[in-house]
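Good morning, everyone, and thank you for making the time.

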Amino acid sequence: MSRVLIIAQHGDGSLNPATAKTLFGAKGLRVDDIDVAVFAEDAGEVAAQAAKLDGVTRVIKLEHPDFAHPTAARLAPEIAALAGNYSHVLGPSTTFGRDLMPRAAALIGVGQVSDVQEVLDSHTFKRPIYAGNAIVTVKAPADRPVIATIRAASFSAAGEGESACEIISREPTAEDPGHTRFIDLETGGGEGPDLQTADRVVSGGRAVGSSEGFETIYSFAKKLGAAVGASRAAVDAGYVPNELQVGQTGKIIAPELYFAIGISGAIQHLTGIKDAGTIVAINKDAEAPIFEIADYGLVGDLFEILPELEKLI
Ligand SMILES: Cc1cc2nc3c(=O)[nH]c(=O)nc-3n(C[C@H](O)[C@H](O)[C@H](O)COP(=O)(O)OP(=O)(O)OC[C@H]3O[C@@H](n4cnc5c(N)ncnc54)[C@H](O)[C@@H]3O)c2cc1C
């Protein structure tokens, strides 16, 4: 029988929207039974949020002090222990899921299907390769559980259902492998929404010129309630930390509104934003490739345009 388990991503007591997008992707499998597992020290709040999502059969709470700051090494054996009851185990293809799910797949003894962007049937999926320049159809073996990450940028979020489903508690059973432990969490992205799931993102490129220059980007983003992103050139130059990088080797995002500021539009950057809704580009070179995909283009100096734009918001 087909049963799906989704591993919830959450933080600060809130369910990350990537979970609802994974659920939307899971609905393409056309199975009636979809469980969501919430690993946390105190999972109550997040489990209640997950239980309201449309299409969830039950939420499984797994609570343990270790899960206050769970590492992928600690969670993967727990997922492997749960997986026996399921035909599919899915996580979002965010940094969280990309870290965790391959470890779980390895422990279960299957290859992971990564970055699913379309579900064709229970074992056949489409996923991007070559930085999104080609789409490959992959078929997972039918005699083993499917472990997959769902490309959050390719699915909308499942909404709330009419009533909340049941929430059950289960004792974690796996042993701590003991070789990896949480020490500290440092985030360099500043305040504001999570880049990977934000509805609005303002990204700066090499042209921003310095960390101080990025203050203009942060200020504009704050006014818009947007997350801040960056091109690899801006990250490599040390203007911003690398968790802000958008693109092939950074984060793949799908905001409703994307600002590319002083970014030329290299293919590796565009890979990260190809599912964005409206793209606005500011660049002083009217021939910059970013204008080929932008819905709105402003040709000019970002340091003149951005403060003007900010005043108008
Ligand atoms: C394997 C591989 C993986 C990669 N992965 C990524 C990735 O994940 N993400 C990514 O972004 N890149 C990635 N890159 C790098 C990518 O190829 C580009 O080099 C990079 O995206 C360029 O960044 P940029 O647009 O900020 O800089 P540039 O290409 O230098 O563009 C700067 C732009 O700013 C404009 N400009 C200059 N001054 C101003 C001003 N005052 N006002 C307005 N506009 C101005 C210029 O006209 C220019 O178009 C990857 C490359 C490789 C080979």
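**Charged pairs and a ligand**

Let me begin with Asp 143, which is exposed, because its relative accessible area of 64% lies over the 50% mark. Please keep in mind that what you see is a predicted model. The partner of Asp 143 is Arg 144, and the side chains of these two residues meet in a salt bridge, with 3.6 Å from N to O. Arg 144 itself is partly exposed, at a relative accessible area of 41%.

There is also a network to look at here, in which salt bridges that share partners join Arg 3, Asp 33, Asp 35, Arg 58 and Glu 166. As background, side chains of opposite charge can pair when their charged atoms come close. Is Arg 58 buried or exposed? Arg 58 is buried, with a relative accessible area of 18%, whereas Glu 166 is partly exposed, at 45%.

Another pair to find is Asp 66 with Arg 74, a salt bridge whose closest N and O atoms are 2.6 Å apart. Here Arg 74 is buried, with a relative accessible area of 6%, while Asp 66 is partly exposed, with 29%. How many salt bridges does a search of the whole structure find? The search finds 12.

Now let us turn to the ligand. Around the ligand there are 24 residues, and those that come nearest are Arg 206, Ser 231, Thr 249, Ser 264 and Asn 283. Helix H6 (232-236) and helix H7 (267-270) each supply at least two residues of this shell.

For Asp 301, a side-chain N or O atom is 3.2 Å from a nitrogen atom of the ligand. On its own the ligand has 990 Å² of accessible area, and the protein covers 75% of that. The space that the ligand takes is the second largest pocket.

How values were computed: Residues are numbered from 1 along each chain as its sequence is written. This is a predicted model: local features need pLDDT of at least 70, side-chain atom pairs count only at pLDDT 80 or more; totals for chains, interfaces and linings use all residues. Side-chain values use heavy atoms; hydrogens and water are left out. A salt bridge is a side-chain nitrogen of Lys or Arg within 4 Å of a carboxyl oxygen of Asp or Glu. Buried means under 20% relative accessible area, exposed over 50%, partly exposed in between (1.4 Å probe, protein chains only). A residue is near a molecule or strand if one of its heavy atoms lies within 4 Å of it. A polar contact is a pair of N or O atoms within 3.5 Å; within protein, one must be able to donate a hydrogen and the other to accept it, and residues adjacent in sequence count only if both atoms are side-chain atoms. Accessible areas come from the Shrake-Rupley method with a 1.4 Å probe; for residues, only the protein chains shown count as cover. On a 1 Å grid over the protein atoms alone, a cavity is a set of points where a 1.4 Å probe fits but cannot get out, and a pocket is an open set with protein on both sides within 12 Å along at least five of seven lines; lining residues have an atom within 4 Å of a point. A molecule sits in a cavity or pocket if more than half of its atoms lie within 2 Å of its grid points. Helices (H or I, at least four residues) and strands (E, at least two) are DSSP runs, numbered from the N terminus.
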